[in-house]
Amino acid sequence: MDTFHIGLLYSTEGTYRKIGYNALLGARYAIEKVNADDRFQFQLKGHHIDPKGNMDEYINGAQSLLKQGIKHIVGTITSSARKEVIPDVHEYQALLWYGSPYE
């Protein structure tokens, strides 16, 4: 069975820790549900990086995940964090799944 690695880029410390923690729980729950469903012939494995609300750490975290070969990153809370990681996501021909209701 194939395993697809998913980056989880949510701050669970710092200014946005509460919404980041809840978003991380939701993403982990979704991964569990997919992995428990026999209809899917693959598994997902989440790799969490906590940028701690620091803009530079969002960039470093995204780069770290992308350098590991991860092509799907779920996360960021603010549009400013999203805008910071998009250039690297594009460079690695990956996708950023941005599902936050922040703005």
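Me: At what distance does a polar contact join the side chains of Thr78 and Ser80?
Reply: This is a predicted model, where local features need pLDDT of at least 70, side-chain atom pairs count only at pLDDT 80 or more, and totals for chains, interfaces and linings use all residues. Residues are numbered from 1 along each chain as its sequence is written, and side-chain values use heavy atoms, with hydrogens and water left out. A polar contact is a pair of N or O atoms within 3.5 Å; within protein, one must be able to donate a hydrogen and the other to accept it, and residues adjacent in sequence count only if both atoms are side-chain atoms. For the side chains of Thr78 and Ser80, the distance is 3.1 Å.

Me: Which backbone nitrogen lies 3.2 Å from a polar atom of the side chain of Thr78?
Reply: The side chain of Thr78 also has a polar contact with the side chain of Ser80. The backbone nitrogen at 3.2 Å belongs to Ala81.

Me: Why do the buried residues of H2 line one face of the helix?
Reply: The buried residues are Tyr58, Ile59, Gly61, Ala62, Leu65 and Leu66. Seen down the axis of H2, they line one face because they fall within a limited arc, taken from the directions from the helix axis to the C-beta atoms. That arc is 165°.

Me: Which exposed residues does the face of H2 turned away from its buried side carry?
Reply: H2 covers residues 55-67. Its buried residues include Tyr58 and Leu65. The face turned away from them carries Asp56 and Lys67.

Me: What kind of aromatic pair do Phe4 and Phe42 form?
Reply: Rings of Phe, Tyr and Trp (its six-membered ring) pair if their centres lie within 6.5 Å; planes under 30 degrees apart count as stacked, over 60 as edge-to-face and the rest as tilted. Phe4 and Phe42 are 5.5 Å apart centre to centre, with 80° between the planes. Their pair is edge-to-face.

Me: Which residues form one aromatic cluster?
Reply: Phe40 and Phe42 form a tilted pair, with 55° between the planes. Phe42 also pairs with Phe4. The cluster is Phe4, Phe40 and Phe42.

Conventions
Helices (H or I, at least four residues) and strands (E, at least two) are DSSP runs, numbered from the N terminus. The expected span of a helix is 1.5 Å times one less than its number of residues. Buried means under 20% relative accessible area, exposed over 50%, partly exposed in between (1.4 Å probe, protein chains only).
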